[in-house]
Amino acid sequence: MKRRDILAALGAAPAALTLPRLASAQAWPNQPIRMVVPYAAGGGIDAVARLVAKTMGEDLGQSLVVDNRGGAGGMLGAEIVARAAPDGYTVLFAGNPELTITPWLQKASYQPLVDFKPVELVSQSPSVIACLPTLGAVTLRDALAAVKKRPGGITIGTPGNGSPMHVAVELLRAQSGLDIVHVPYKGAGPATVALQGGEIAFALAGAPPLLPHISAGKIQALAVTQPQRSPLLAQVPTIGEAMGFMKDVDFVAWYGLLVPAKAPAEVVDRLQKSAASALAQPAVRERLQALGTDLVAMPSAAFAERMKIESAQYQQIIQRFQIKAN
């Protein structure tokens, strides 16, 4: 073989060696993708996850199969994805409790800001403080004052320990000086039922299970626990407006898509583009609103920054007011 031919062959060898890797990357996804939802089927986050999975699957040409893995306040499912192969075939559709709150309340086997790569923040649901209309109070201040005088006092039910609503209740108790009793339930649905049955004076829960009853006049919304009013409940004041404090707190429940931290950049980019495309569809936007959640559509870098800031805020509040998981 001539020297020129030898050099040409040697020069082609590295390029040839890279072909399988490039072909593999270009072929992704070539099999169904497992979407772990760290809560039981039938809840608010599950409904949003299934909507996103279906629409993204149509765009990617592969099914996103929802795998409900509830337990430990969302931490079980998050751990499964944190330990999964970072190949893009196992993704996490999670909320903020298991990513920015619960790890400050109890020991977690993963580090949310280290073990995950945020892909797209999909939506957020306002947290609503509500009571029964029979209480006869117009404002949150009036409602708290009225209940304070009743047997049982001020009881506020939430979707559970470690939820954004749990932290909001503890902060309200600390800053108002009121004797508030936190009553944790296993989800927003049970807390809503408990309010309707008179087991508790107030419910502080995500909007989805409350909205139908608010619209029907069977439950009265008193405030939302976020800095700005929610488009879903534009007539309802923020807790800052209602109480004169807690003006900058943001105790919404959000839902987002994440992957193991070491997933290839091209896979993360493809997933993000697919999620953004899905959320841009009018039918998806309308369905999200019907589910009681506001569209956010925040891309990877901004989502990561939000997680970082929110995690630090929850850490500060939890440690300052010595909030416990149980």
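How are helix 2 and helix 11 oriented to each other? In this predicted model, local features are reported at pLDDT of at least 70 and side-chain atom pairs at pLDDT 80 or more, while totals for chains, interfaces and linings use all residues. Residues are numbered from 1 along each chain as its sequence is written, and side-chain values use heavy atoms, without hydrogens and water.

Helix 2 spans residues 44-60 and packs against helix 11, residues 265-279, at an angle of about 120°, with the two axes 9 Å apart. The axes are lines fitted to C-alpha atoms, for helices over the stretch in contact, and angles run from 0 to 180 degrees between N-to-C directions. Helix 2 and helix 11 are therefore oblique to each other. In this scheme, angles under 35 degrees count as roughly parallel, over 145 as roughly antiparallel, 65 to 115 as roughly perpendicular, and the rest as oblique.

The crossing of helix 2 with helix 11 is right-handed. A crossing is called right-handed if the near helix is turned clockwise from the far one by less than a right angle, and left-handed if anticlockwise. Helix 2 contributes Thr55, Met56, Asp59 and Leu60 to the contact, and helix 11 contributes Arg270, Leu271, Ser274, Ala275, Ser277 and Ala278; contact means heavy atoms within 4.5 Å. By class, five nonpolar, three polar and two charged residues make up the contact of helix 2 with helix 11. Here Ala, Val, Leu, Ile, Met, Phe, Trp, Tyr, Cys and Pro count as nonpolar, Asp, Glu, Lys and Arg as charged, and the others, Gly among them, as polar.

Helix 2 also packs with helix 12, residues 282-290; their axes come within 10 Å and cross at roughly 170°. Helix 2 and helix 12 are therefore roughly antiparallel to each other. Val48, Leu51 and Thr55 of helix 2 meet Val284, Arg287 and Leu288 of helix 12. Four nonpolar, one polar and one charged residues form the contact of helix 2 with helix 12. Lys54 also lies in helix 2 and is exposed, with a relative accessible area of 57%. In these terms, buried means under 20% relative accessible area, exposed over 50%, and partly exposed in between, with a 1.4 Å probe and protein chains only. The C-alpha atoms of Lys54 and Leu64 are separated by 6.8 Å, although these residues are ten apart along the chain.

A further helix pair is formed by helix 7, residues 164-176, and helix 13, residues 300-320, which pack at an angle of about 45° with axes 11 Å apart. Helix 7 and helix 13 are therefore oblique to each other, and helix 7 passes helix 13 in a left-handed crossing. Pro164, Val167 and Leu171 of helix 7 touch Tyr314, Ile317 and Ile318 of helix 13. The contact of helix 7 with helix 13 has six nonpolar residues, with no polar and no charged ones.

Strands of a sheet pair through backbone hydrogen bonds, either parallel or antiparallel. In this model, five strands form an open sheet in the order 7-6-8-5-9, with mixed pairing; two strands pair if DSSP finds at least two bridges between them. Strand 7 (180-184) and strand 9 stand at the edges with a single partner strand each, so one side of each is left without a neighbour in the sheet. Neighbouring strands of this sheet are turned by 30° against each other on average, direction ignored.

Strand 6, residues 154-158, runs parallel to strand 7 and is joined to it by five bridges. Thr155 has Val181 of strand 7 as its bridge partner. Strand 5, residues 127-131, pairs with strand 9 in the antiparallel sense over four bridges, and Val128 stands opposite Val224 in strand 9. Strand 9, residues 220-224, is mostly covered, with five of its five residues buried.

The peptide bond from Trp28 to Pro29 is cis, with omega near 0°, and Pro29 is found in the loop between helix 1 (3-27) and strand 1 (33-37). Ala297, in strand 11 (residues 294-299), has a positive phi near 55° without being a glycine. At 31% relative accessibility, Ala297 counts as partly exposed.

Definitions and conventions:
Helix = DSSP H or I, 4+ residues; strand = E, 2+ residues; numbered from the N terminus.
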